[in-house]
Amino acid sequence: MKRYALLFLTVAAAAIVTISPANKTLADSIAPPQAEGKAVMDYLNRADFRQWALLPGTQPFRQGKQPHGALQNVYVNDIALRGLQTQGPLPDGSMIVKEIFSGAREFSGLAIMYKTAAPPNINGYFWMTADPDGRVLREGALEGCMRCHTPARARDYIMLRQMP
């Protein structure tokens with residue numbers, strides 16, 4: 001009887017694993033943060049953003065340009081990754097995180113675009129920067145960010161976006 005119970009539990013567990021979405025990650029199971037710098041940083045740390053996919057079309061330590069450093073790693077969460085496969089705007093909850101490095105590969109901070117309808121935002125994005133220790137430097141509806149990203153309006157303000 002114990003053998004049949006163990007067999008049943010093994011088959012049931014295998015079925016659950018098999019039918020679970022393969023693209024479900026830790027970040028998918030964490031509620032999206034408020035549009036507030038500390039909440040976003042806490043989310044990024046809990047979601048382990050460095051394990052996210054790189055923005056399609058980029059590679060590690062890609063050549064950057066100011067104001068985002070000489071080298072960059074550009075990560076996207078699963079929501080953004082799925083949204084990038086369309087020609088339309090990214091869905092709410094999408095995050096793009098630029099990890100910024102000097103030419104000598106010294107980590108110098110983060111630049112973050114967070115798609116959210118919650119204020120403060122400009123054209124649906126909450127913008128922020130953080131220093132290497134994760135302290136928020138600037139956040140919110142940052143006019144400087146929007147000014148630079150406006151030429152990419154047709155790509156939902158994403159400078160590096162490759163349209164399908």
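**Charges, rings and cores in a predicted model**

The charged end of Arg50 sits over the ring of Phe107, 5.4 Å from the ring centre. A charge counts as over a ring if NZ of Lys or CZ of Arg is within 6 Å of the ring centre and within 35 degrees of the ring normal. Arg105 likewise lies over the face of Phe61, at 4.1 Å from the ring centre.

The model is predicted: local features need pLDDT of at least 70, side-chain atom pairs count only at pLDDT 80 or more, and totals for chains, interfaces and linings use all residues. Residues are numbered from 1 along each chain as its sequence is written, and side-chain values use heavy atoms, with hydrogens and water left out.

The pLDDT is the predictor's confidence in each residue, from 0 to 100. The protein chain averages 82, and 80% of the residues score at least 70. Over residues 2-24 the pLDDT is below 50. Beyond near neighbours in sequence, this stretch has three contacts in the model. A contact means heavy atoms within 4.5 Å. Where pLDDT is low, the predicted coordinates should not be read in detail.

The protein chain holds five helices and seven strands. These are DSSP runs numbered from the N terminus: helices are H or I, at least four residues, and strands are E, at least two. From the N terminus on, the order is α-α-α-β-β-β-α-β-β-β-β-α. Of the 164 residues, 41% count as buried. Buried means under 20% relative accessible area, exposed over 50%, and partly exposed in between (1.4 Å probe, protein chains only).

Helix α3 spans residues 37-47. Its buried residues are Gly37, Ala39, Val40, Met41, Tyr43, Leu44 and Ala47. Glu36 caps the N-terminal end of α3, with a side-chain oxygen 3.0 Å from the backbone nitrogen of Lys38. After α3 comes Asp48, whose phi is positive, near 55°.

The largest nonpolar core has 18 residues. Such a core is a set of buried Ala, Val, Leu, Ile, Met, Phe, Trp, Tyr and Cys residues joined through side-chain atoms within 4.5 Å. Val40, Leu44, Trp52 and Ile112 touch the most other members. The elements giving two or more residues to this core are α3, β4 (95-101), β5 (107-115) and β6 (125-130). The largest share, five residues, comes from α3. Apart from this core lies another, of 17 residues, among them Leu90, Leu142, Met146 and Tyr157. Leaving aside neighbours within four places in sequence, Val40 is in contact with Pro33, Gln34, Met95, Ile112, Tyr114, Phe126 and Met128.

Rings of Phe, Tyr and Trp (its six-membered ring) pair if their centres lie within 6.5 Å; planes under 30 degrees apart count as stacked, over 60 as edge-to-face and the rest as tilted. By this rule there are six aromatic pairs. Phe101 and Phe107 form a tilted pair, 5.7 Å centre to centre, with 55° between the planes. Phe101 is buried, at a relative accessible area of 7%. Phe107 is partly exposed, at 26%. Tyr43, Phe49, Trp52 and Tyr75 form one aromatic cluster.

His68 is placed in the loop between β2 (62-63) and β3 (71-76). His68 counts as buried, at 17% relative accessibility. Not counting residues up to four places away in sequence, His68 touches Lys98, Ile100 and Ala111.

Methods
Polar contact = N/O pair within 3.5 Å; in protein donor to acceptor, adjacent residues only side chain to side chain.
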